[in-house]
Amino acid sequence: MRVHLPLESVPNFSEGRDEKTLGALARAMSGRARLLDVHADADHNRSVFTLVGDEPDLLDALVAGAACAREWIDLRRHRGAHPRIGSVDVVPVVPIRPEDLDRAKEAALVLAERIGSEVGLPVFLYGELSPGRGPAFFRSGGLEALQRRVEAGELAPEFGPGRLEARSGAVLVGARRPLIALNVNLRGELAAAREIASTVRERDGGFRGVRALGLELPRAGLVQVSMNVEDWEAAALHELVGAIEREAAARGMEVVGSELVGLMPGGAAAAAAGAALRIDGFDASRVLELRLLGQGRETDLG
């Protein structure tokens, strides 16, 4: 018997510094769904909340979070390293198991309509709800460029108002498979970090399913290769970090450490552990908790 699992969502808000705002967002959402993690980054000026819940509770939490962000976050005063087009920048609904993707897509569509009608924010669809369009498609050039594309008739929000306000911007809502947000921090120049990002991202011939940017972290005095690993089975984390280490060494740069944003699938952690320990054939089926959740092969001793 397979265990019924909730859906996950990892809303990204354009605030990573003000504790009062982060606290307000946490209170708005945690009373409705289970809040597993909050990752706030002052240099990015961005926070990522990880929530799980069945559809009614999860959607109520996300709508409440969007309303809270509209009240508390003013993009006109926002400064941060990470690209963004909204106070509630992106809200993906994620299936924990691949076979629940249709559930996630249905929930995300309901969420998009509710944010548009109840919160009054323009909503664009991405990911599984708009194949071929990822967040970068909308963020290119920032909020002002997105508004110009709307005014020119190139794009139109699927839900909510047709015009984007400078204070709150727009929201990207979609459904997607689990991904891993992984950052590698380096001591060196921004130009070199951007070069390294280009060597590992899929678009420029790097690892399949990897999106990467080189960013500056002025508060930390570092630079960063910031990545979304959209297919962790195709791009093993230990191989990805190893490639960045080699590229950094070739440029005389020091790798300071890696940073996980939010949570990661257990299978990815198992693969990395198996590689580090050099255990042949080690995968998620060898992890007790994942086997109990029905993720992994069954063994027939009969």
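**A pocket, a buried strand and an open sheet**

The second largest pocket is lined by Ser14, Glu15, Thr21, Asn45, Trp72, Ile73, Asp74, Arg77, His78, Arg79 and Arg167. This is a predicted model, in which local features need pLDDT of at least 70, side-chain atom pairs count only at pLDDT 80 or more, and totals for chains, interfaces and linings use all residues. Residues are numbered from 1 along each chain as its sequence is written, and side-chain values use heavy atoms, with hydrogens and water left out.

Rolling a probe the size of a water molecule over the atoms shows where empty space is left. Here a pocket is an open set of points on a 1 Å grid over the protein atoms alone, where a 1.4 Å probe fits, with protein on both sides within 12 Å along at least five of seven lines; lining residues have an atom within 4 Å of a point. The second largest pocket has a volume of about 180 Å³ (the space filled by probe spheres set on the points, which are joined across faces, edges and corners). Its lining has five charged residues, four polar and two nonpolar. Asp, Glu, Lys and Arg count as charged; Ala, Val, Leu, Ile, Met, Phe, Trp, Tyr, Cys and Pro as nonpolar; the others, Gly among them, as polar.

Now turn to strand β5, residues 88–95. Strands are DSSP runs of E, at least two residues, and helices runs of H or I, at least four, numbered from the N terminus. Eight of the eight residues of β5 are buried, so the strand is largely enclosed by the rest of the structure. Buried means under 20% relative accessible area (1.4 Å probe, protein chains only).

Strands pair if DSSP finds at least two bridges between them. Strand β1 (residues 7–9) joins β5 through three bridges, antiparallel; leucine 7 has proline 95 as its bridge partner. Strand β2 (residues 12–13) is also antiparallel to β5, with two bridges. There, phenylalanine 13 partners valine 88. Strand β7 (residues 171–175) runs parallel to β5, with four bridges. Valine 91 stands opposite valine 173 in β7.

Elsewhere, four strands form an open sheet in the order β9-β10-β8-β11, with antiparallel pairing. At the edges are β9 (210–217) and β11 (254–261), each pairing on one side only. The twist averages 20° from one strand to the next. Eight bridges join β9 to β10 (residues 222–229), and alanine 212 has methionine 227 in β10 as its partner. Helix α7 (residues 237–250) packs on this sheet and touches β8 (180–187), β9, β10 and β11. Contact means heavy atoms within 4.5 Å. The direction of α7 makes about 20° with that of β8. Axes are lines fitted to C-alpha atoms, for helices over the stretch in contact, and angles run from 0 to 180 degrees between N-to-C directions.

Definitions and conventions
Buried means under 20% relative accessible area, exposed over 50%, partly exposed in between (1.4 Å probe, protein chains only).
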